[in-house]
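Please keep the viewer open as you read.

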Protein chains: 2
Amino acid sequence: MAERLVVIGGDAAGMSAASQVRRMRPDVDVVALEMGTRTSYAACGIPYHVAGLVPEVDDLVARTPDEFRNRQRIDVRLRSQATAIDTAAGAVEVRDLARDRTYTLGYDHLLIGTGARPVRPPIPGIDADWVAGVKTLDDSAALAARAASGEIRRVVVVGGGYIGIEMAEAFVERGCAVTVVDAAPQVLGTLDADMAERVRAGMEAAGITVRLGVGVQGFDDHRVVLADGELPADLAVLGLGVTPNSGLAADAGIDLGPRGAIRVDRRQRTSAERVWSAGDCATARHLLTGEDVFFPLGTIANRQGRVAGINIGGSYATFGGVIGTAITKVCDTEVARTGLGEAEAAAAGFEVVTAVAESRTRAHYYPGAERIAVKVLADRRSGRLLGGQIVGGQGSAKRIDTLATAVTAGFDLDRMVDLDLAYAPPFSPVWDPVVTACRQALRTFSQGRS
Amino acid sequence: MAERLVVIGGDAAGMSAASQVRRMRPDVDVVALEMGTRTSYAACGIPYHVAGLVPEVDDLVARTPDEFRNRQRIDVRLRSQATAIDTAAGAVEVRDLARDRTYTLGYDHLLIGTGARPVRPPIPGIDADWVAGVKTLDDSAALAARAASGEIRRVVVVGGGYIGIEMAEAFVERGCAVTVVDAAPQVLGTLDADMAERVRAGMEAAGITVRLGVGVQGFDDHRVVLADGELPADLAVLGLGVTPNSGLAADAGIDLGPRGAIRVDRRQRTSAERVWSAGDCATARHLLTGEDVFFPLGTIANRQGRVAGINIGGSYATFGGVIGTAITKVCDTEVARTGLGEAEAAAAGFEVVTAVAESRTRAHYYPGAERIAVKVLADRRSGRLLGGQIVGGQGSAKRIDTLATAVTAGFDLDRMVDLDLAYAPPFSPVWDPVVTACRQALRTFSQGRS
C-alpha cells in the first residue's frame with residue numbers, strides 16, 4: 001500500500017505542504033480534509049470583498065479543490081472534519097458532514113493545519129445577529145451583500161488591530177459612518193505608541209471616529225454599550241484577534257506552546273511522531289529573541305507549509321523564523337512594521353536608540369510625493385538594527401522589506417546608511433527614507449557625524 | 001588662521017562633504033567653488049522638468065547658495081572655476097568668471113567634486129542647434145520651453161540608456177512622436193538581454209519607436225542619418241552616457257582609474273595628500289568584484305561626499321561600495337537592477353543560475369495589480385544571490401531594494417525563500433515576487449523541492 005500523508009485543513013499551510021509533497025513524491029497518497037467547501041482561500045482578502053473591491057467571494061480562492069484533484073492528484077475531501085487523532089495507531093477519525101458518517105483514516109504522516117479562529121469574548125449580546133465576526137468566506141459574502149444593500153449606515157468596529165482597521169476601511173468604502181473602539185490606549189498594538197498615533201490621525205482624516213481606552217461592555221438592540229455611553233450601530237464588527245485551533249491536537253496529547261498554539265520545532269515537527277503542524281495553529285520561532293511565538297499570518301503559513309512538505313517529502317528544511325513583519329493600509333494611510341518594537345526590545349533585554357524620520361516617497365519636486373514616517377530601533381551597545389515601523393501615504397509601507405531584510409542580516413546602523421539602494425526621482429528622495437531614519441539614529445552615537 | 005576646506009563643485013558630492021565637515025567642525029573655513037549659478041541641483045530631475053511634471057527648473061534645487069551661506073556658514077562662490085591645483089603648495093587657482101579675474105586659494109583639505117559631463121562623440125552635425133545635450137538646468141529650461149511651445153513634434157533620442165529612455169518619456173508626455181535609436185542590440189545595457197527586451201516592449205506599447213542595432217552617422221538639417229536611412233526630427237536629444245570631469249585632477253598629477261575617473265581609496269582619498277574626491281568624477285569600489293568602477297549616480301555622490309566629509313572632519317569612515325543598483329521608469333514601465341548581470345557575473349568568474357518569475361504587484365484579486373517580472377542570478381556553487389532585475393508596472397521597481405540589501409548581506413537562495421517579508425493583499429501576492437523568483441532559481445539545485 002502506498003505511503004499516505006493526511007492533511008487536516010485545506011488552506012495555506014495544509015495545501016502548501018500537500019503540494020510540496022506531491023512535487024517531491026509522486027508515489028505518496030495525499031489526502032486533504034477540509035471542514036468547509038473551499039481550499040486555499042485568502043481570508044486576508046475578506047475586507048476587500050466586503051468593501052466591494054473584489055466582486056465575487058470566490059475570487060479570493062487561489063486554487064479550487066478540483067484544481068488540486070486534477071492537476072496535483074491531491075484527494076481533497078470537503079465538509080470533512082477531523083474529530084480525533086490517534087497518534088499511537090497513526091489514524092485520524094473523520095466526520096463526513098455531508099453524508100453524516102464517520103470513518104477512520106490511517107496516515108504515515110499527518111500535517112495539522114487547522115488555522116485560527118476569531119476571539120469571541122463572553123460579552124453580553126455578542127451573539128446578536130447585528131454583531132458580526134469575520135471568519136469564513138461565507139461570512140464575507142453575507143457582509144458584502146448587506147453592505148451593498150444600503151441597509152447599513154452606522155458601523156462600530158470593536159478592536160483596532162489589523163483586521164479591525166481593515167474592516168473599518170471596508171465600510172468607509174461602502175459609504176458608512178464608522179467608529180473604531182478599542183480598550184487599549186492605541187490602535188495597532190504591535191506598533192510603538194508614537195507610530196500608532198500617526199495611524200489614528202490618518203484614520204480620523206479619512207472620517208473614521210476612533211475611540212481608544214474604552215472597553216465594550218455589551219451589545220444591546222443596535223447599541224454598542226461602552227463604559228462611558230452607547231454607540232448606535234446598524235452593524236458591529238468584531239476584530240478582537242484570533243486564537244489557534246489546537247483543541248484537536250491537545251486532545252491527542254500533543255504539546256502546545258504560547259497562546260495555546262501547537263508547539264513545533266524548526267522542521268515543523270510536533271511532539272508526536274510523524275505529526276507535523278504549520279500555519280496559524282502552530283508556533284513560530286522569533287529570529288531575534290529565539291522564543292516561540294504565535295504569529296498567525298498567511299505568509300508564515302505558506303512558508304511553514306513548504307518547510308513541512310519538504311521534510312515530509314524526505315528532504316531536510318528548517319523554518320527561517322519570523323521577525324514580526326506585518327503590513328496593512330487603512331484608507332490613504334499605509335502601515336508596516338518589522339522586528340522588535342520598543343516594549344519587545346526592552347523585554348528582550350535590549351537598550352534601544354530610536355529615530356523617526358519624516359520624508360517623502362519621491363523626490364520633493366516630483367508630482368505625487370507622499371509623506372512617509374520611518375522609525376528605526378537599534379541596540380545601543382552594538383548599533384545593530386532591531387526593527388522598524390513605517391506610516392505614510394501610497395508607496396510607503398512595502399519599503400519595510402528593506403528593513404526586514406537588513407534586520408535578518410543583522411546589519412548595524414553604519415551598514416544601513418551606506419546601503420546601495422535604488423534612487424530616481426519618481427521612486428525616492430536621493431537619501432532613501434529608510435536610510436534617513438538610520439542616519440538620524442546614528443547621530444545618537446556620534447554627535448555631528450551622520 | 002583657521003583651517004580651510006576647499007570644495008570644487010557645488011553639487012551633491014561637494015556639498016554633502018561641505019555640510020558634513022561643517023557639522024563636525026564649526027571652526028573650519030569651508031569654501032565651495034561652483035562654475036555655474038546653482039548648488040545642489042538634481043540633474044536627475046531634468047527629464048521630469050522637460051516633461052512638464054516639474055513646473056520650474058529651480059524646483060530641482062535642493063538647497064540654494066544662500067541657504068548654504070546663511071544656515072551653514074559655507075562660503076559658496078558661484079561662477080568660480082578651479083583652473084589648476086598645486087598639490088605641493090596646497091593651493092587652487094580660481095577663475096572668477098563674473099569679475100573676469102584669477103586668484104589663488106590655499107587649502108588644508110581639497111575635495112574634488114567636479115562631476116561628469118555628457119559624452120559628445122565627433123559625429124558630423126552634432127553641434128547643430130536642433131541637437132541637444134542634457135547637462136545643466138539651463139539646458140533643461142531651454143528644452144522645456146521649446147517642448148511647451150509646441151514647435152517640437154518629432155523627437156529622436158540617440159542612446160537607449162537611462163537618460164535616453166527618461167528623455168523619451170519626457171517627450172511622450174509632451175505629446176511628441178518619439179524614436180529611440182541605439183547602436184547596441186538592446187536598450188539599457190546594464191540589464192540582461194531578456195529583461196531589456198521587456199523594457200523595449202513596454203516602450204513600444206507606450207508609442208515609442210525603438211530602433212536597435214543601428215548607429216547614428218550624422219545630423220543633417222533636421223534629419224538623423226542612420227546606416228539604413230534617415231529619421232526626420234524637429235529635435236534630436238543625446239543620451240550617450242557621461243564621462244568624468246577629471247582633467248583638472250589629471251593635470252595636477254592625481255591618479256586616474258577606470259574610465260578616467262579619479263581613483264579614490266575607501267576613505268575617498270586621492271593619490272595626492274590632503275586631496276579627496278567623491279561623486280561622478282571619482283571611482284567607486286564594487287562590493288561583489290572588489291574592483292574600482294565608474295558608476296556615476298546621485299546617491300553614490302551623496303554617500304561618498306558624506307564619507308569624505310567625515311574623514312576630512314577628523315573622524316573615520318569608509319565607503320560601503322556599490323553593487324550597481326539603479327532604477328528608472330519609462331511611461332508605464334518601471335525598471336530596476338542590482339548586483340551583477342549575466343555578463344558581469346561571467347566576467348567575474350561566477351557560473352550562474354538564473355530564473356525569471358512573472359507575478360503581480362498585489363494579490364491577484366486586488367484591483368490595480370500590475371505585472372512584474374523579477375529575474376534573479378545566483379552563484380551555482382554557493383547558491384549565493386548575485387543580483388536581480390525587475391521590469392513591471394507601477395509599484396514594481398523599488399522592490400529591488402530587498403534584493404540589493406540581500407546581495408549586500410551575502411544571502412543565498414535558501415535564505416531568500418524564507419525571508420519574513422511583508423504581505424497584505426494591496427501590497428503583494430502571498431509569495432512575494434522577489435521570493436518567487438528565488439524559489440524558481442532554487443529548483444535548479446533540487447528538482448521538485450522549492
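With 13 C-beta neighbours inside 10 Å, does B:E358 count as buried, partly exposed or exposed? B:E358 counts as partly exposed, because it has 13 C-beta neighbours inside 10 Å. On this scale a residue is buried if 20 or more other C-beta atoms lie within 10 Å of its own, exposed if 12 or fewer, and partly exposed in between, with C-beta atoms placed from the backbone.

Before going further, a note on the ground rules. This is a predicted model, in which local features need pLDDT of at least 70, side-chain atom pairs count only at pLDDT 80 or more, and totals for chains, interfaces and linings use all residues. Residues are numbered from 1 along each chain as its sequence is written, while chains are lettered from A and ligands numbered from 1 in the order in which they are written.

**Around B:E358**

B:E358 sits in strand β23 of chain B; helices (H or I, at least four residues) and strands (E, at least two) are DSSP runs, numbered from the N terminus. Setting aside neighbours within four places in sequence, B:E358 is in contact with B:R371 and B:A373, where contact means C-beta atoms, placed from the backbone, within 7 Å. Its C-alpha is separated by 36 Å from that of B:R153, 205 residues apart along the chain.

Strand β23 (352–360) is also one of the elements that the buried residues of α12(B) pack against, together with β24 (371–379), α10 and α11 (413–417) of chain B. Helix α12 (residues 433–443) of chain B is largely enclosed by the rest of the structure, because 9 of its 11 residues are buried. Among them are B:P433, B:C438 and B:L442.

**A covered helix in chain A**

Helix α5 of chain A (residues 162–173) is mostly covered too, with 10 of its 12 residues buried. From first C-alpha to last it reaches 17 Å, close to the 16 Å expected at 1.5 Å a residue; the expected span is 1.5 Å times one less than the number of residues. The buried residues of α5(A) include A:Y162, A:E166 and A:F171. After α5(A) comes A:G175, with a positive phi near 85°.

Axes here are lines fitted to C-alpha atoms, for helices over the stretch in contact, and angles run from 0 to 180 degrees between N-to-C directions. A crossing is right-handed if the near helix is turned clockwise from the far one by less than a right angle, and left-handed if anticlockwise.

| Pair | Axes | Angle | Crossing |
|---|---|---|---|
| α1(A) and α8(A) | 7 Å apart | about 35° | right-handed |
| α1(B) and α8(B) | within 7 Å | roughly 35° | right-handed |

In chain B, B:G14 and B:A17 of α1(B) are among the residues that meet α8(B), whose side includes B:A301 and B:G305.

**How the chains meet**

A rotation of 180° with 0.0 Å of shift along its axis superposes chain B on chain A (RMSD 0.0 Å), using least squares on the C-alpha atoms of residues with pLDDT of at least 70 in both. The two copies are thus related as by a two-fold rotation axis. In chain B, the C-alpha nearest the axis belongs to B:T402, 2.5 Å from it.

Across the interface, 56 residues of chain B are in contact with 56 residues of chain A. Helix α10(B) gives the most to the chain B side, with 8 residues. That side divides into 33 nonpolar, 13 polar and 10 charged residues. The copies meet through the same surface, because 100% of the interface residues of chain B are also interface residues in chain A.

How values were computed. Two residues are in contact if their C-beta atoms, placed from the backbone, lie within 7 Å. Ala, Val, Leu, Ile, Met, Phe, Trp, Tyr, Cys and Pro count as nonpolar, Asp, Glu, Lys and Arg as charged, and the others, Gly among them, as polar.
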